[in-house]
Amino acid sequence: MIQLSYLDYLAVEGQSFLHRLSAGWKIIGLLLVLTGIVLLRNIFGLFLLYGLLLAFFFACGLPLRIFSLTLYPLIFAILFIFVSGFEIHFILLVFLKVLSGSTAVVLLLGTTPYPSLFVALERFLPSIFVTALFLTYRSVFILLKVLEETQHALYLRGGFQWSHPWRSLSNISNAFGHLIIKGIDASEKMYESMVFRGFRNKIHYRGE
């Protein structure tokens with residue numbers, strides 16, 4: 001599981017041209033990519049866009065370890081397979097759009113220190129909205145850590161076994177409840193620690 005500290009380390013210590021580019025320009029680049037994802041309707045155009053993003057990914061020297069982050073949204077994209085009636089053209093279109101968007105976001109997070117990113121966002125977005133984005137960003141990795149712990153707990157309790165369906169169903173339901181409770185507890189602890197350190201619904205960032 002990718003740790004937040006590792007992603008921050010890559011963003012700070014990287015020396016590629018994309019790491020040196022200002023956060024503002026990279027945010028503009030992300031918006032252009034997202035616009036292209038929305039407007040493009042042909043597979044060839046989306047394939048070129050995804051190929052360009054992959055070229056940036058490897059040119060920046062980002063490790064393959066974080067490439068797996070770009071694949072997680074495909075879990076939700078799989079639902080479109082059933083909606084499309086297994087139409088190959090539609091499935092490829094959706095998958096390329098999802099992969100292009102997720103790769104662009106990982107590129108941004110892997111090459112931009114998050115304080116610089118939120119400083120740039122505060123220039124043209126309301127402070128409360130930027131604060132909400134920051135908390136969401138931190139919470140995603142907290143939830144990933146909780147999910148990893150839940151997977152370990154599920155494995156120790158036998159996990160899912162086709163030979164014992166009822167026990168497996170009980171394990172999965174217990175794991176799901178554990179995930180929700182631990183997620184809520186972790187988010188509350190994060191908020192309480194921020195309040196203890198002076199958080200008053202606004203985060204102050206140092207400029208680049």
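Modeller: Here is a walk around the largest pocket. Keep in mind that this is a predicted model, where local features need pLDDT of at least 70, side-chain atom pairs count only at pLDDT 80 or more, and totals for chains, interfaces and linings use all residues. Residues are numbered from 1 along each chain as its sequence is written, and side-chain values use heavy atoms, with hydrogens and water left out.

First, the word itself: on a 1 Å grid over the protein atoms alone, a pocket is an open set of points where a 1.4 Å probe fits, with protein on both sides within 12 Å along at least five of seven lines, and lining residues have an atom within 4 Å of a point. The largest pocket holds about 990 Å³ of space, a volume being the space filled by probe spheres set on the points, which are joined across faces, edges and corners.

Its lining has 30 residues, and Val105, Val106, Leu109, Tyr137 and Val140 are the closest to the centre. H3, H5, H7, H8 and H9 each give two or more residues to that lining; these are helices, meaning DSSP runs of H or I with at least four residues, numbered from the N terminus. H9 gives the most, nine residues.
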